[in-house]
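Please walk through this protein model with the sequence and the structure side by side.

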Amino acid sequence: MPKRTSEPAPVQTRAAEAQPLTAATKQALQPRPSEFALLSRVMANASEDEREFMLDFLERCAAGGYTIPEAALGESTAHFRFRIEPDEIEDHAKYYQGLTLVLLKRGWLQTFLGLILHLVLDGRRLTPEDVMDTLDNDMQQFDTNVDIAREILKEYPEIVAPEIKLALDAHPDLCAVTGGQHGN
């Protein structure tokens, strides 16, 4: 009778059958630091103001009633000298989202709203007439700029030729308006 051993027989595999680990698998196998270690590292490198911000944030989270994203919004907006309370987020979320998109997207509306917001932040009480006068002034300035641009295109197209080329490259649909081709 053959003798039994407690050791399993070695598994034989062929080198050709071994699959290399993917980057995602390798990353998943890497140990991750604990949230306490990460927080400790963040706090060790933080300024006094940043530590105060983080402590306020953690206290708000620990007190309950707010999710972490809600508490983060409340504390981060307070850091920029205004506070959006989490209870008010749902009531105004679309307004905040729209205003953010307008202000990040550069253009006439961003410029106009920026001017209005600047006046409000300076403590000016705006009437509808003030806002309409501001818009009217902007429209008059825009019309003047368009007239100047047309005059330059008519009289000195060679001066703005590189800008024309860039505009047509960025907006090929403009060629459809003129019926022409560009690029050659």
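**A guided tour of the chain**

Tyr156 is partly exposed, with a relative accessible area of 45%. This is a predicted model, so read each value as computed from it. Tyr156 sits in the loop between α7 (128-155) and α8 (161-170). Together with Ile148, Ile152 and Ile159, Tyr156 makes a nonpolar surface patch of about 390 Å².

Val160 lies in that loop between α7 and α8 as well. Beyond residues up to four places away in sequence, Val160 touches Ile152 and Leu153. Ile152 is also one of the residues of the nonpolar patch. Look next at Val160 and Ala149, which are eleven residues apart along the chain. Their C-alpha atoms are separated by 9.6 Å.

Now take the whole chain. It has nine helices and zero strands. Read along the sequence, the pattern is α-α-α-α-α-α-α-α-α. The protein chain has 184 residues, and 11% of them count as buried. Its accessible surface comes to about 16100 Å². Carbon and sulfur atoms hold 59% of that surface. Among contacts between residues at least 6 apart in sequence, 7% join residues at least 24 apart.

Helix α3 deserves a stop. It covers residues 48-63, and Glu50 has its place there. Glu50 gathers with Asp49, Glu52 and Glu59 in a patch of negative charge on the surface. Is Glu50 buried, partly exposed or exposed? Glu50 counts as partly exposed, because its relative accessibility is 44%.

Arg60 lies in helix α3 too. Its relative accessibility is 14%, so Arg60 counts as buried. The cut-off for buried is under 20%. Which residues does Arg60 contact, leaving aside its neighbours within four places in sequence? They are Tyr66, Ala71, Gly74, Glu75, Arg83, Glu85 and Pro86.

Salt bridges come next. How many are counted in the model? The count comes to three. One joins Arg51 and Glu48, with the closest N and O atoms 3.1 Å apart. Both residues lie in helix α3, three residues apart, about one turn of the helix. Arg51 counts as partly exposed because its relative accessibility is 28%. Glu48 has a relative accessible area of 53%, so Glu48 is exposed.

Another salt bridge pairs Asp169 with Lys165, at 3.0 Å from N to O. Both lie in helix α8, four residues apart, and again this is about one turn of the helix. Asp169 is partly exposed at 41% relative accessible area. Lys165 is partly exposed as well, at 37%.

The side chains of Asp130 and Arg124 also meet in a salt bridge, at 3.8 Å from N to O. Arg124 has a relative accessible area of 42%, so Arg124 is partly exposed.

Finish around helix α6. Arg106 is found in the loop between α5 (86-104) and α6. Arg106 has a positive phi of about 25°, although it is not a glycine. Arg106 is exposed, because its relative accessible area is 64%.

Gln110 lies in helix α6 itself, which spans residues 108-121. Is Gln110 buried or exposed? Gln110 counts as buried, because its relative accessibility is 18%. Leaving aside neighbours within four places in sequence, Gln110 is in contact with Val102 and Leu103.

How values were computed: Residues numbered from 1 in each chain as written. Predicted model: local features only at pLDDT ≥ 70, side-chain atom pairs only at ≥ 80, totals over all residues. Heavy atoms only, no water. Helix = DSSP H or I, 4+ residues; strand = E, 2+ residues; numbered from the N terminus. Buried < 20%, exposed > 50% of the residue type's maximum accessible area, 1.4 Å probe, protein only. Contact = heavy atoms within 4.5 Å. Patch = residues over 30% accessible without salt bridge, like charges linked within 9 Å, V, L, I, M, F, W, Y side chains within 5 Å. Areas by Shrake-Rupley, 256 points an atom, 1.4 Å probe, with all protein chains shown as cover. Salt bridge = Lys/Arg side-chain N within 4 Å of Asp/Glu carboxyl O. Lys, Arg positive; Asp, Glu negative; His and termini not counted. Charge placed at Lys NZ, Arg CZ, Asp CG, Glu CD.
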